[in-house]
Amino acid sequence: MRRPGSLHATAALAVGLAVGLVLLIAACGGPSGPGAAGTPGSPSSAGSSVTASSDYTSYVALGDSYSAAPGNPTTAQANGCVRSDHDYPHLLAAQLGIRTLHDVTCSGARTQDLTGRQATYDSGTSVAPQFDALSSDTDLVTISIGGNDMNLIGLLGQCAALAQNGATGSPCKDRYAADVEEYSPRVRQHLVAAVREVGRRAPKATVVVVGYPQPFPTDETCTQLPLASGDYAFAAQLIDQVNDYLREAAEKAGATYVDVSDASEGHDICSESPWIDGASPAPDAQPLHPFPREQTAVAGLIADALG
């Protein structure tokens, strides 16, 4: 997803989070409507042992930071994409023994960056459209995108700011739910079109649409996710909404959908074993982004779906 905003109830942590994320990825605006070809990677760099020779020979991974896994060791700048060599595409390729991986996932990516150049946080740099990595030889594609089109992290930053200023109840939902309702149909259309275009550009490929985990509990609160109590449910609803769109896009394109949300139950930010980091930076994840254990779990879910 795109640059997370501050999510701590105190000004000190809010500033710290904001500074850390400015270093991660370009700034994003407030709630609004929706609007890289990387270096091919070697599966062996993921560090996972190859368990079997794969039926797939050319794998292209498309997506945003929940696929690029910024902060997971070891993260390369990748022209501003902040992509880990232990993201789930690398782990999956190693697990299945896929010889050629084109991992073009990029932090901050939106659906428009699949077909157009993406400006990255690294000033003056951009990366090629992610779809440029697809070809008639591609036989496996994973795609997970849409969170930035929904401006999920930007909205959460606004939610946190409202809570920090003392608002109670569900101030973020009260202020922004109408905006989401207005622009979310366009997000839905863009995702359907994007997955269909993958099939057109890579006609031989097995296409796997990967949903987002559910980081937000609805029955508890915690300092790592300091929102007004009523906005926890709103945050969770936003994730559910984009996952519904991804599932629909997969169905309409005849692709496989992998449900990460159900698998992440019990691993929300407030849990004892979270899959997603909270507001405080961690050694192996960026705030509001996946821990290595989440990427390992996603790789396993995709492998299972592929049979």
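**Figure 1. Nine helices and nine strands make up the protein.** Helices (H or I, at least four residues) and strands (E, at least two) are DSSP runs, numbered from the N terminus. This is a predicted model, where local features need pLDDT of at least 70, side-chain atom pairs count only at pLDDT 80 or more, and totals for chains, interfaces and linings use all residues. Residues are numbered from 1 along each chain as its sequence is written, and side-chain values use heavy atoms, with hydrogens and water left out. Of the 307 residues, 56% are buried (under 20% relative accessible area, with a 1.4 Å probe and protein chains only). The protein exposes about 11800 Å², and carbon and sulfur atoms supply 48% of that (areas by the Shrake-Rupley method, 1.4 Å probe).

**Figure 2. Helix α6 packs against helix α7.** Here α6 covers residues 171-201 and α7 residues 231-253; their axes sit 9 Å apart at an angle of about 15 degrees. Axes are lines fitted to C-alpha atoms, for helices over the stretch in contact, and angles run from 0 to 180 degrees between N-to-C directions. So α6 and α7 are roughly parallel to each other (angles under 35 degrees). The crossing of α6 past α7 is right-handed, that is, the near helix is turned clockwise from the far one by less than a right angle. Sorted by class, the contact of α6 with α7 has 17 nonpolar, two polar and six charged residues. Ala, Val, Leu, Ile, Met, Phe, Trp, Tyr, Cys and Pro count as nonpolar, Asp, Glu, Lys and Arg as charged, and the others, Gly among them, as polar.

**Figure 3. Helix α5 meets helix α6.** The axes of α5 (residues 152-164) and α6 cross at roughly 160 degrees and come within 9 Å. That's why α5 and α6 are roughly antiparallel to each other (angles over 145 degrees). On the α5 side, L155, Q158, C159 and L162 make the contact, and on the α6 side P171, C172, R175, Y176, V180 and Y183 do (contact means heavy atoms within 4.5 Å). Eight of these residues are nonpolar, one is polar and one is charged.

**Figure 4. A cis peptide bond joins P73 and T74.** Omega is about -5 degrees at this bond. Look for T74 in the loop between α2 (65-68) and β2 (75-76). Most peptide bonds, by contrast, are trans.

**Figure 5. V82 has a positive phi without being a glycine.** Its phi is about 50 degrees. You'll find V82 in the loop between β2 and β3 (83-84), and V82 is buried, with a relative accessible area of 5%.

Notes
Parallel < 35°, antiparallel > 145°, perpendicular 65-115°, else oblique. Buried < 20%, exposed > 50% of the residue type's maximum accessible area, 1.4 Å probe, protein only.
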